[in-house]
Amino acid sequence: INLLYNVDALLDSDERAILSRYVAQLALVAPAGVMTDAFSGDLTGGPDSWTARKGAGPLLVTWWRSQDPVPATRSNERLEEHLKRLGVALSAYGDPDAPAGLDQRGEVYLRYGPPQQQIKVRFDDP
């Protein structure tokens with residue numbers, strides 16, 4: 001949240017690279033209107049393809065706070081769920097060459113979470 005809050009600050013190249021990956025991941029779950037209010041350019045590109053608008057950080061932090069299902073608690077359960085999904089998606093479906101660091105399966109997992117049902121297909125069973 002602190003890094004996101006300062007998204008429109010002047011950052012060095014290492015911080016911008018980290019933030020760029022997170023912005024590409026955030027673009028997968030945040031509404032398009034929030035992202036266009038916060039950024040200009042291509043969010044799915046590298047760090048040089050987008051620019052944060054003035055006030056983007058507080059806007060994004062406010063959006064995350066609005067996603068909290070139980071605002072009376074200290075933690076934001078939706079943000080925690082997002083970070084857990086992101087960890088699973090990066091380890092199972094990581095693609096270091098993709099802007100978000102995920103392949104298409106990872107993007108689906110990040111957006112929708114784990115599957116509700118699984119079917120095992122056995123190729124040795126006629």
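Analyst: A residue is called exposed when its relative accessible area is over 50%, buried when that area is under 20%, and partly exposed in between. The model is a predicted one.

User: Why is Arg105 called exposed?

Analyst: Arg105 has a relative accessibility of 51%. The cut-off for exposed is over 50%, so Arg105 counts as exposed.

User: What makes the contact of Asp103 with Arg105 a salt bridge?

Analyst: The closest N and O atoms of Asp103 and Arg105 are 2.6 Å apart. A salt bridge requires a side-chain nitrogen of Lys or Arg within 4 Å of a carboxyl oxygen of Asp or Glu, and the pair is therefore counted as one. Asp103 itself is buried, at 18% relative accessibility.

User: How many salt bridges are there by this rule?

Analyst: The count comes to 3 salt bridges. Among them is the one between Arg122 and Asp124, with the closest N and O atoms 3.5 Å apart. Arg122 counts as exposed at 55% relative accessibility, and Asp124 is exposed at 60%.

User: What is known of the salt bridge that Glu81 forms?

Analyst: The partner of Glu81 is Arg85, and their closest N and O atoms are 2.5 Å apart. Glu81 and Arg85 are 4 residues apart in helix α5, which means that about one helical turn separates them.

User: How do you know that the length of α5 is close to what is expected?

Analyst: Helix α5 has 17 residues and reaches 23 Å from its first C-alpha to its last.

User: Why are the buried residues of α5 said to lie on the same side?

Analyst: The buried residues of α5 are Arg78, Leu79, His82, Arg85, Leu86 and Ala89. They cover an arc of only 120° around the axis, which puts them on the same side of α5. The elements covering these buried residues include α2, α4 and α6 (104-112). The face turned away from the buried side carries the exposed residues Lys84 and Ser91.

User: What makes the approach of Asn76 to Arg78 a polar contact?

Analyst: At the start of α5, a side-chain oxygen of Asn76 comes to within 3.2 Å of the backbone nitrogen of Arg78. The limit for a polar contact is 3.5 Å between N or O atoms, so the distance meets it. The side chain of Asn76 also reaches the backbone oxygen of Trp64, at 2.8 Å.

User: Where is Asn76 found, and why is Asn76 called buried?

Analyst: Asn76 lies in the loop between α4 (56-66) and α5 (77-93). The relative accessible area of Asn76 is 13%; the cut-off for buried is under 20%, so Asn76 is buried. Leaving aside neighbours within four places in sequence, Asn76 is in contact with Trp64, Arg65, Gln67, Asp68 and Pro69.

User: How many aromatic pairs are there, and why is the pair of Phe39 and Trp50 called edge-to-face?

Analyst: The structure holds 3 aromatic pairs. The ring centres of Phe39 and Trp50 are 5.1 Å apart and the planes stand at 85°. Edge-to-face applies to planes over 60 degrees apart, so the pair is edge-to-face. This pair links distant parts of the chain, with Phe39 in strand β1 (residues 39-41) and Trp50 in strand β2 (residues 50-52). Both Phe39 and Trp50 are buried.

User: Why is the pair of Tyr93 and Tyr109 called tilted?

Analyst: The rings of Tyr93 and Tyr109 have centres 6.3 Å apart and planes at 45°. Stacked requires under 30 degrees and edge-to-face over 60, the rest being tilted; the pair is therefore tilted. Tyr93 belongs to helix α5 and Tyr109 to helix α6, 16 residues apart. Tyr93 is partly exposed, with a relative accessible area of 25%, whereas Tyr109 counts as buried at 14% relative accessibility.

Notes: Residues are numbered from 1 along each chain as its sequence is written. This is a predicted model: local features need pLDDT of at least 70, side-chain atom pairs count only at pLDDT 80 or more; totals for chains, interfaces and linings use all residues. Side-chain values use heavy atoms; hydrogens and water are left out. Helices (H or I, at least four residues) and strands (E, at least two) are DSSP runs, numbered from the N terminus. Buried means under 20% relative accessible area, exposed over 50%, partly exposed in between (1.4 Å probe, protein chains only). A polar contact is a pair of N or O atoms within 3.5 Å; within protein, one must be able to donate a hydrogen and the other to accept it, and residues adjacent in sequence count only if both atoms are side-chain atoms. Contact means heavy atoms within 4.5 Å. The expected span of a helix is 1.5 Å times one less than its number of residues. The arc is that of the directions from the helix axis to the C-beta atoms. Rings of Phe, Tyr and Trp (its six-membered ring) pair if their centres lie within 6.5 Å; planes under 30 degrees apart count as stacked, over 60 as edge-to-face and the rest as tilted.
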